Amino acid sequence: MKTSNRILFALYILILMYCITMGDLTAADIKVIKNPKPTHVEKNYVDLILVKEIKDEIDEEHFFAIPTYLVPDKDGNVYVYDAGLNKIIKLDKNLRFVTMFLDKGRGPGETMGSFDRTPNMFISKFDKLYLGCPGNKKIIVFSEEGKVEKEIPTPQGFFKKFYRPVVDEGGKIYLHSGYGGVVDIFDPAGKYLRTLLTQDAFKTFVVFEPQKKFIHNHTMSGTLTTFYDILPDDGFIIYITHSSTVYLFKNNKLVKKFNVWPEKLFHAYKDIVNKYKASVKEDEDIKPLYCMSFFVDKDDEKHFYMESMIGYRSLYKFNLKGELISVLRTKNEKGNFYAKRNGYFYGIRWNEGRIFIYKEDK
Amino acid sequence: MKGKKNYITILSLLSALIIALFIIVMQAKENRFLRANLPYLLPKEKITSFDLVGADNERIDVDALKGKPSLIYIFQTPCSACNDNVLFWKKIAGILKDDINVFGIVLSDYGEMVSFTEEARLNFKVYYPVEPIKFKENLKIRLNIAQTIVYFEDEVFRVNMGNLNGEDYTQILKEIKALLRRKDS
């Protein structure tokens, strides 16, 4: 064999091996911080009081099956996605039925739906409702009345777990990355523009160490690893659950990054992880969660909330400098909070078919 | 002449009557035949036999259907519609559990009944027919398909075959709530 051919052959093997392993992190790539030094101390506690709730029955004609996500608009109307019915139900600020829309299927304005209990809707600044439909590879845009205004195709082969589109003032769309990063940005027509952050963002774990054979499950952008939302003035925020790290962007450039490791929360989380380690089976890949929800305060857009999964629900309120402002506690709430708007906190307990609204006890 | 006319008239009327009777009898026979072969109960029909045994060896009969509206879920394993419906069945049973009777009836073997109940974490009791063949005949079950039956005061109110969708779920809840209001009034 000629030398040049040997070199080419060797290069070919190298490229092949690289392709096989590309994007596939190994145990050696990840870093685990077992005992993080607390970044915040919980001092200021505020109680949340229940203002309103409805359970299962909206009225005599309408019932929830499996409500999984909601978004409130600026007037206090609440749009609830019910995975069991595959419908979006619009309720007014008193949680009374207004209208219901969305059909099941593969045609225009239709979605195949999903029973994944993950965020999938967003209300833009112009009061348009965006619904992510991964099974149909598209986003449907609705008016306030539930009329289909347009559909935006998502790229071929993009499909991941059910995802929530976030839309900025210019109409650009942000989604969990299907290109090996964290968040992808698309233009208003659905054309890919760029990706924010790389897979490196998933390489650090705090307290919890995933089993080596399941590492690849934890290193993709998805609804349990990544939360994101827009901020004013071309700002953007990303939160990675593995390392509990917040990334702040301005004009798509990273301007600040900080960890969120409150003292009590992490002590409690360590206990849970230790209990989990004692009971987990060898082929089980479950990551204990300390945060199931993360959202920006839509009233001032200067704060964000991280929901603790430990015990009864509480919300950790931070400002954009990374300072812990307060911990908002409920007495016995087990549902998940998904939004803060109009002075209220909105949430769902899906397995009870319950929608609830809380406010701060001032 | 007049007599002949009357004779023809009478003969024509008699013939028409005989033909009409014949059509009615044939229709009735056909309807009975059709009805006998339908693989499900029809509204207003009555369940006359309901002998079942639960996982804890509890025995029940048709008296268990009295007093409250009853929701009867019939499923067999394997049955993809049954797996899909479990979510709605559990939801309806959870919402109305105090106000209605809920019976899950598995038509596979007893062991499968127990394991299915545990896997699906059902929130209602599951039973197995004491005499499966007789039970299937009585409830006209001829297909390996899920059924959701609403039953009250000795009559069937609704039968859903196969997969339930969101609309079915809503209609079942509305119907049962209407029956409960009727029961209370």
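Is A:Gly311 buried or exposed?

Mentor: This is a predicted model, so read every value as computed. A:Gly311 is exposed, with a relative accessible area of 60%. The cut-off for that word is over 50%, so the label follows. Where is the residue? A:Gly311 sits in a loop of chain A. Now place A:Gly311 against A:Ile30. In sequence they are 281 residues apart. In space, their C-alpha atoms are 29 Å apart.

Next, some other loops of chain A. A:Lys137 is found between strand E10 (129-133) and strand E11 (138-142). Its relative accessible area is 29%, so A:Lys137 counts as partly exposed. Look at its backbone too. A:Lys137 has a positive phi of about 55°, although it is not a glycine. A:Asn251 is not a glycine either, and has a positive phi of about 50°. A:Asn251 lies in the loop that links strand E20 (245-250) to strand E21 (253-259).

Strand E15 (residues 183-186) of chain A and strand E16 (residues 192-196) of chain A pair in the antiparallel sense. The pairing runs over 4 bridges. In E16(A), A:Tyr192 is the residue opposite A:Phe186. Between the two strands come 5 residues. In this hairpin A:Gly190 takes a positive phi near 95°.

Now turn to chain B. Its secondary structure comprises 5 helices and 7 strands. Read from the N terminus, the order is α-β-β-β-α-β-α-β-α-β-β-α. Chain B is more spread out than a compact globule, because its radius of gyration is 23 Å, well over the 16 Å that the globule rule gives for 185 residues. The box filled by its C-alpha atoms is roughly 85 × 40 × 30 Å along the principal axes.

What about the inside of chain B? Of its 185 residues, 41% are buried. Take the contacts between residues at least 6 apart in sequence: 71% of them join residues at least 24 apart.

Last, the surface and charges of chain B. Chain B exposes about 10500 Å², and carbon and sulfur atoms supply 57% of that area. Its side chains include 26 positive and 23 negative ones. The centres of these two sets lie 11 Å apart.

Technical notes: Residues are numbered from 1 along each chain as its sequence is written. Chains are lettered from A and ligands numbered from 1 in the order in which they are written. This is a predicted model: local features need pLDDT of at least 70, side-chain atom pairs count only at pLDDT 80 or more; totals for chains, interfaces and linings use all residues. Side-chain values use heavy atoms; hydrogens and water are left out. The radius of gyration is taken over C-alpha atoms; the globule rule is 2.2 Å times the number of residues to the power 0.38. Buried means under 20% relative accessible area, exposed over 50%, partly exposed in between (1.4 Å probe, protein chains only). Contact means heavy atoms within 4.5 Å. Accessible areas come from the Shrake-Rupley method with a 1.4 Å probe; for residues, only the protein chains shown count as cover. Lys and Arg count as positive and Asp and Glu as negative; His and the chain ends are not counted. The place of a charge is taken as NZ of Lys, CZ of Arg, CG of Asp or CD of Glu. Two strands pair if DSSP finds at least two bridges between them.
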